[in-house]
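Please open the model in your viewer and keep the selection tool at hand. The stops below say what to select next and what is there.

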Amino acid sequence: MLLISKSDENNDDNAPSKRLYRQEVWAAMKARFPQGSTSSNFVNRKIPLFPEAEQTAERLADTPEFKQAKTIKVNIDMAQEAVKLQVLKANKTLFVAPSQKSDYLYAKIKMPSSLEEIPFVQQRRIVKMLAGEDTYEELGIDQTEPLDMVVVGCVAVSERGQRIGKGNGYVDLEIAILVQLGVITPQTVIATTVADEQVYRELPADLFQRYDFTVDLIVTPTRIIRVQPRPEPRAIGIEWGLLSSRRLDVVRVLKKLKERLEAAGQQIELKDEDTDVESFRKRRTRGSESAGGGGQQQQQQERRRQQKNRRRRSTRNSTAGKEGKSGTEQEGNGAGGGGDESGEGGGSRMRRKRRYTRKPRRYSRRDSGEYGGSQDGSGQQQQDGGDGPQSQRQRPLKGSRPRRQNKSGGGSTNPAVAANGPNGQQQKQPRPPRQPKLQLQDSVRIRVSNMFSVPFKDFKDELRTRDCYPAKISQSRNGRCLLIFPKREDVPEQAQVDELLQKLADMSISVPQKNSAEPKEIRLKCELQSKSREFVEQDAASIASFANRAARKLQDISRKLGLGADSASAGATLEGAEEQQQQQQQPQQPEATNVDELLAEALAATQLAARAAKAAGVLTEKATQEVKPVLEAANLPAQLELLTNYGTEAFAAATKAEGAAEVATAVTPDADRSAKEQVVPAMVSATQAAALAAVNVAYATAKLLKEVPASTQLTIATITDATVERLYTALRKK
């Protein structure tokens, strides 16, 4: 615990200990989350998060103790975040921990005027004190208010109220401070919300000290446990004799409380030995000084570390200088051949040789013990030669670990050394296969754009602020990155997507400018990345691209089957098809291909074109609804009529493609080649019609959005009309 030394806890792995129970609970809770889930990051070395945390918080809110309480303090653990939201929902006063490294006692969340109007994501930011300074108020030891309920987190808890935390002891110290100040009274209920796996019938009493508090109410997803009878004393005040002076620098409210008690005449003595475990441990820096003479101690440790490194380099260089000598000469040098720190036996310390990056030598027959060497096992011909290629020291590649050499020449129990040849040389071992990276097949991918000048560190900090923890962030060079979230099993995929997009909405990052003191606000665009081989239903350009791709696929299949001239005349000419027209003028010869495979590919492309054409028609209806009031006010009915006509053509093209796909599906696999080829021209014509309709919709949508003010909120997107003309010139001519 935080209040005692590390050595005070039982370190025997076989005997019951708090550490043993923590490891048992963490292993059980981590197994409840799927592999790669971000929720599993809130298990090990923490108050474990469990899947039923929200249901357990609702169960706690239904208890009489919660309903009667007016002031409730909830700890900062992720497993109790849902409890904070229930406190706000019940219109009660919520207290949370103060900001880190502050000298306040706790923070009071200011109740919003109407909680229903605040988005759920913003509510979570409010209870985490991330929504701005106007949403909370930090209170000191002179502004205390009694609490009716305190909700804490546990790693393990017994039905008798015995509690085991994560091992830092901050909660024990916090409860002691609140008891000392009278904020926790005998009427205050100490509750906890845990999973069923965290509850034990009873824990060994010898694991707990007098300053370990107990809980009164335990709520799990399946039951409610009220500790009867309540242990006395349930919690005690601060044990100053167990705290060091450095602990007062970490928990700074203790320093203010100590000063107030000493001003009232109380004598407080802290322990002399500093054995506390703290989380805010400073990084070791060269030459850094700290209070209490700590800088001199760090300098001595730094000097000892440097001396140790020099001795290690001296020994390595001395050994490297003698590798070219024979084994007999090395034996004659005795123990002094390695050289010690004083230089005796090894001469003066050698300067470290410069290393050069060399390519690894390929394996040849010379690496084998059967080539040019003696077969009697003596190995004298190559090992003691000194001038042969085998006696040269093999330098490892830069940045790689050097292989361990077998200096004894044989008789080693190491299996890698036992595989040596007859002349005692260690053979090259194949590099172990690289472990495959975790592949997130079922995942939600959010694409973030406009990140050209945004520092990546600031972007990750903003993600943490918005409570977004992707399993992987894939960066690119074109101002974009991809956030990959594992797919959750407890909610539908669309609900998870909506929640993530709501968290990432209106994301902007301030970036300093070179020629101005005012930072530049960069607004990032976050959108769902479409899955492979699918289009974005709200993007007209994406729909047109996929429809055109399907039509080109059908033309390519028709050419392979020797039907290019007939099928091409049945429909429109695709964009970029000048070369295809030249190929069609030449006599087509069927290629030796599998007709069944080509027919399956043609069927899939036709179905894709049908879906794209139908999506284009739906997009026209959505665009008409969103911009109709604006265009009617501007007296521009022609654009609406044009878009409506193109939408009708898109639905007709989708119906045509679906009909061609049904005819192709009816062809049996045992049918002859001519029967299979007869359905291809109809699919070519249908996909080309679908591509033309989708391109027309993209063009009309682009024309329409030019007349709409930029302030209008739209859910559809497309490229400019000029870009449509440039990309789909041939189709637009038709």
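Select Asn 450, which is partly exposed because its relative accessible area is 36%; buried means under 20% relative accessible area, exposed over 50%, and partly exposed in between (1.4 Å probe, protein chains only). Asn 450 sits in the loop between β12 (443–449) and α13 (456–465). Helices (H or I, at least four residues) and strands (E, at least two) are DSSP runs, numbered from the N terminus. Although Asn 450 is not a glycine, its phi is positive, about 70 degrees.

This is a predicted model, in which local features need pLDDT of at least 70 and side-chain atom pairs count only at pLDDT 80 or more, while totals for chains, interfaces and linings use all residues. Residues are numbered from 1 along each chain as its sequence is written, and side-chain values use heavy atoms, with hydrogens and water left out.

Next, select Asp 467, in the loop between α13 and β13 (472–475). Asp 467 is not a glycine either, and its phi is positive at about 60 degrees. Is Asp 467 buried or exposed? Asp 467 is buried, because its relative accessible area is 9%.

Go to the loop between β11 (224–226) and α7 (245–250), where Pro 229 lies. The peptide bond from Gln 228 to Pro 229 is cis, with omega near -5 degrees. Pro 233 is found in the loop between β11 and α7 as well, and a cis peptide bond with omega of about -5 degrees joins Glu 232 to Pro 233.

Now select helix α4 (residues 81–89), where eight of the nine residues are buried. Among them are Glu 81, Lys 84 and Gln 86, along with Val 83, Leu 85 and Val 87. Just after α4, show Asn 91, where phi is positive at about 60 degrees.

For the next stop, select Ala 660 in helix α19 (residues 637–665). Ala 660 counts as buried because its relative accessibility is 9%. Which residues does Ala 660 touch, not counting residues up to four places away in sequence? They are Thr 606, Ala 682, Met 683 and Ala 686, where contact means heavy atoms within 4.5 Å.

Finish at Arg 312 in helix α9 (residues 294–321). Arg 312 counts as partly exposed because its relative accessibility is 42%.
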